[in-house]
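Reader: I'd like a close look at the inside of this protein. Can you walk me through one part of it?

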Amino acid sequence: MLWEQATKVKLTSVVIVVGMASMVVAVVTDHWAVLSPWVERVNVTCQAAHFGLWRLCKKTMFIREEDPNRTGCGPLSLPGEYNISAAAISMFSLFFMCFSSEYNISAAAISMFSLFFMLLGSVCVIFSFGKGRDYLLRPAGMFFAFAGLCIIISVEVMRQSVKRMIASDETIWIEYYYSWSFACACTSFTLLLLGGAALLVVSMPQMPRNPWESCMDAEPETILD
């Protein structure tokens with residue numbers, strides 16, 4: 001691998017690593033969206049919720065102070081009691097309380113495909129640093145780009161499920177906002193897609209500097225051991 005090419009690969013790998021870390025944080029945490037019911041008066045108990053791909057967390061809070069700008073329950077920083085459902089229970093709750101099953105199952109499954117592509121890309125990058133194996137950078141770039149595309153599809157599926165839940169008359173939730181896990185997923189999409197594309201471009205064979213320059217009379221390049 002050429003020294004200049006190796007430097008570009010290492011810089012691109014830093015961007016990809018940040019994207020991978022953002023994706024892992026998004027998948028394993030449960031702050032994709034925060035849900036809140038309507039609160040009309042003070043001195044009442046209300047229940048807000050936040051969720052991720054695998055579990056649903058509900059927080060019961062007592063509203064003491066009146067806030068003219070507040071119509072829902074919260075913020076989550078208020079003291080209260082948490083009720084965190086495990087993965088299987090969370091899925092059951094989401095199915096029958098606020099979400100349709102096909103949305104949540106699809107989002108979780110697509111995120112697993114994203115992690116799988118990310119793992120394949122990482123393996124290709126690791127083995128590409130062996131002598132004469134830089135051709136593995138090209139499939140690595142495609143795998144990382146596929147991982148980014150999968151996570152943004154998962155994000156869109158979750159967005160649609162939240163909108164469908166808010167529009168339903170059978171739920172108590174009337175307000176929502178996307179939280180930091182959602183932001184991590186969007187960040188991972190951007191970094192992995194751009195990093196994968198950059199890695200694919202960097203790994204392409206170097207073209208002659210001049211149209212009339214052939215492979216035989218091109219200037220020798222410094223090879224990185």
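How many residues does the largest nonpolar core have, and which of them have the most contacts inside it?

Author: Quick housekeeping: this is a predicted model, where local features need pLDDT of at least 70, side-chain atom pairs count only at pLDDT 80 or more, and totals for chains, interfaces and linings use all residues. Numbering runs from 1 along each chain as its sequence is written, and side-chain values use heavy atoms, leaving out hydrogens and water.

The largest nonpolar core has 38 residues, and Met 23, Trp 32, Phe 51, Phe 144, Leu 192 and Leu 199 have the most contacts inside it. Such a core is a set of buried Ala, Val, Leu, Ile, Met, Phe, Trp, Tyr and Cys residues joined through side-chain atoms within 4.5 Å; buried means under 20% relative accessible area, exposed over 50%, partly exposed in between (1.4 Å probe, protein chains only). H4 (137-167) is among the elements that each supply at least two core residues, and H4 gives the most, with 11. Helices (H or I, at least four residues) and strands (E, at least two) are DSSP runs, numbered from the N terminus.

Now Trp 32: it is buried, and so is Phe 182. Their ring centres are 6.4 Å apart with planes at 80 degrees, so the pair is edge-to-face. Rings of Phe, Tyr and Trp (its six-membered ring) pair if their centres lie within 6.5 Å; planes under 30 degrees apart count as stacked, over 60 as edge-to-face and the rest as tilted. Trp 32 sits in the loop between H1 and S1 and Phe 182 in H5, so the pair ties together parts 150 residues apart in sequence. Along with Tyr 176 and Tyr 178, these two form one aromatic cluster.
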